[in-house]
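Thanks, everyone. Let me put the model up and walk through a couple of spots.

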Amino acid sequence: MKTVKIFHYLDDLDCFVITDEYRALADRLGLSEWHPAVWIGRLFILDNDYGEHWFDNWDLRDQLQAQAEQRGIAYEDLMVINPDRFQNGKDGPCHTPEFRKRFWTDVLKSLELSYDLLFAEARAANEQIRAIIPDEYIADLDDRIAQVQKDIGD
């Protein structure tokens, strides 16, 4: 089963950006909201809309703005892990913020998702969109998926 890497880690900035490959795929399949990993955050953090804010760490991004811009990266594209977003204070936390940051950094460095999973999420999200924002419904989503499958040799 073929997979796509979601994040690229920027060691010198200690943060992530969305890979070009995944960004293009997410845009093509309608998986992008204000960034292409919003839906993934929901699954990582309680499978609800709280998780969509897992990278709403503007104060941490602000600290990296000059360095990011020197590298030609828009600081809005930086995905900075705030370990406090990965605990809710209920029956814990069980680990220090430093350890949580190390753990989630390792997880996201290695995160790859299958095309089949991405296609399933795109179809489910598209059906929800049809009901609530019909103008954004992607009528040719199955054709787009078929083209991606052809492109990746699946």
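Start with Glu52, which sits in the loop between helix H2 (38-44) and helix H3 (58-70). Helices here are DSSP runs of H or I, at least four residues, numbered from the N terminus. This is a predicted model: local features need pLDDT of at least 70, side-chain atom pairs count only at pLDDT 80 or more, and totals for chains, interfaces and linings use all residues. Residues are numbered from 1 along each chain as its sequence is written, and side-chain values use heavy atoms, with hydrogens and water left out.

Is Glu52 buried or exposed? Buried, because its relative accessible area is 10%, and buried means under 20% (1.4 Å probe, protein chains only). Its side chain makes a polar contact with the side chain of Arg42, at 2.8 Å. A polar contact is a pair of N or O atoms within 3.5 Å; within protein, one must be able to donate a hydrogen and the other to accept it, and residues adjacent in sequence count only if both atoms are side-chain atoms.

Beyond four places in sequence, Glu52 touches Trp34, Val38, Gly41 and Arg42. Contact means heavy atoms within 4.5 Å.

Now take Val38, in helix H2. Val38 is buried too, with a relative accessible area of 0%. Setting aside neighbours within four places in sequence, Val38 contacts Glu33, Gly51 and Glu52. And Phe55? Val38 and Phe55 are 17 residues apart in sequence, and 8.4 Å apart in space, C-alpha to C-alpha.

Key:
Helix = DSSP H or I, 4+ residues; strand = E, 2+ residues; numbered from the N terminus. Buried < 20%, exposed > 50% of the residue type's maximum accessible area, 1.4 Å probe, protein only.
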